[in-house]
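Good morning, and thank you for the time.

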Amino acid sequence: MNITFFNKRHLKLIKENRELRKKLNQYEQVYPPKECPICGYKGIDFQSYPNIIHKEVMCPACGSHERYRAIWLYLENNKELLENHKKVLHFAPEIHFKELFESKDVEYHGVDLNPERHPFVEEKVDIQDIPYNENYFDLIICSHVLEHVPDDIKALNELRRVLKPGGVALILVPMNGISYNLPYDESKTLEKEEYNTPELRDKYYGQFDHLRLYGTDFKERILESGFELLSEDFIKRLGMETIERYALIRDERIYECTK
Ligand SMILES: [Zn+2]
């Protein structure tokens, strides 16, 4: 091999690589890459869904949605909730959390009314009639469940009943103006007896199996059930840089409840 030629070629490649890296850095300053806190993916191409307001919904590597990433960040910011053998109740648990909970010293209960639909659910539980004693759980996660439940007030009462005093329940629901952009008053929950077909639910509530379209008055249901509301603006408080980096929804509310 011609050593001189090889060295020259090598130096040229190093220079080209350096210039490319410089261009990439400049590009990333203008268009910062998105990151997934769950799987560590970094890139610009988070995936969108039709009919959903927010543009960067799904992580292309692990399939996480904005709310999974938000809950993940909440748990990272509140590590004590998963320490010292805490009891955790998780409705309709997302598979993304499996490794996290398995790696912690917690008594974990992943539950659902239809366990066969979830790969990591072991218990069948109706949220309107939770088969546990009162004051049992330290942490409850209930994300995008109540919109499927016929009596959501009863469900909220049950969540409060099984939560320990001083425990935390994280409650999220899809809301008009945040998850959906439907032409109805965003401050009022829309729920009508006559919208009881999959077609009408899809039209008025945004999804065929949703039983209502929540407005910002959802907070009143939480307070009526006797919960004390600790906060609802965790995501907003993370700041725009973090919100953009993890492709979160700035106005999505995590209702952080206690009793
Ligand atoms: Zn991911």
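Does aspartate 152 count as buried or exposed? Aspartate 152 counts as buried, because its relative accessibility is 3%; here buried means under 20% relative accessible area, exposed means over 50%, and partly exposed lies in between, with a 1.4 Å probe and protein chains only.

Before I continue, two remarks on the source. This is a predicted model, in which local features need pLDDT of at least 70 and side-chain atom pairs count only at pLDDT 80 or more, while totals for chains, interfaces and linings use all residues. Residues are numbered from 1 along each chain as its sequence is written, and side-chain values use heavy atoms, with hydrogens and water left out.

Let me turn to the salt bridges. The structure holds 13 of them, a salt bridge being a side-chain nitrogen of Lys or Arg within 4 Å of a carboxyl oxygen of Asp or Glu. Aspartate 152 forms one with arginine 221, at 2.9 Å from N to O. This pair links distant parts of the chain, 69 residues apart: aspartate 152 belongs to helix 4 (residues 152–162) and arginine 221 to helix 6 (residues 218–224). Helices are DSSP runs of H or I with at least four residues, strands are runs of E with at least two, and both are numbered from the N terminus. Arginine 221 also counts as buried, at 16% relative accessibility.

Glutamate 191 and arginine 212 form another salt bridge, their closest N and O atoms being 2.8 Å apart. Glutamate 191 lies in the loop between strand 7 and helix 5, and arginine 212 in the loop between helix 5 and helix 6, 21 residues apart. Arginine 212 is buried, with a relative accessible area of 1%, whereas glutamate 191 is partly exposed at 37%. Asp152, Glu191, Arg212 and Arg221 are linked in a network of salt bridges.

Next, the metal site. Which residues coordinate the zinc ion? Cys36, Cys39, Cys59 and Cys62 do so through their SG atoms, at 2.3 to 2.4 Å; donors are N, O and S atoms within 2.8 Å of the metal (3.2 Å for Na, K and Ca), and sites may look incomplete since water is not among the atoms. The arrangement is tetrahedral because the four donor atoms subtend angles of 104 to 112°, the criterion for four donors being that all angles lie between 85 and 135 degrees. For reference, the ideal angle for four tetrahedral donors is 109.5 degrees. In sequence, the donor residues follow the spacing C-x2-C-x19-C-x2-C.

Finally, the nonpolar interior. A nonpolar core is a set of buried Ala, Val, Leu, Ile, Met, Phe, Trp, Tyr and Cys residues joined through side-chain atoms within 4.5 Å. The largest has 32 residues, and Phe91, Ile127, Leu146, Leu159, Ile171 and Phe218 have the most contacts inside it. Helix 4 gives the most to this core, with four residues. Leaving out residues up to four places away in sequence, phenylalanine 91 touches several residues, including Val111, Ile127, Ile140 and Leu159; contact means heavy atoms within 4.5 Å. A second, separate core of 31 residues includes Phe46, Leu81, Val88 and Ala247.

Methods:
Four donors count as tetrahedral if all angles lie between 85 and 135 degrees; four count as square planar and six as octahedral if opposite donors are over 155 degrees apart and all others between 65 and 115; anything else is irregular.
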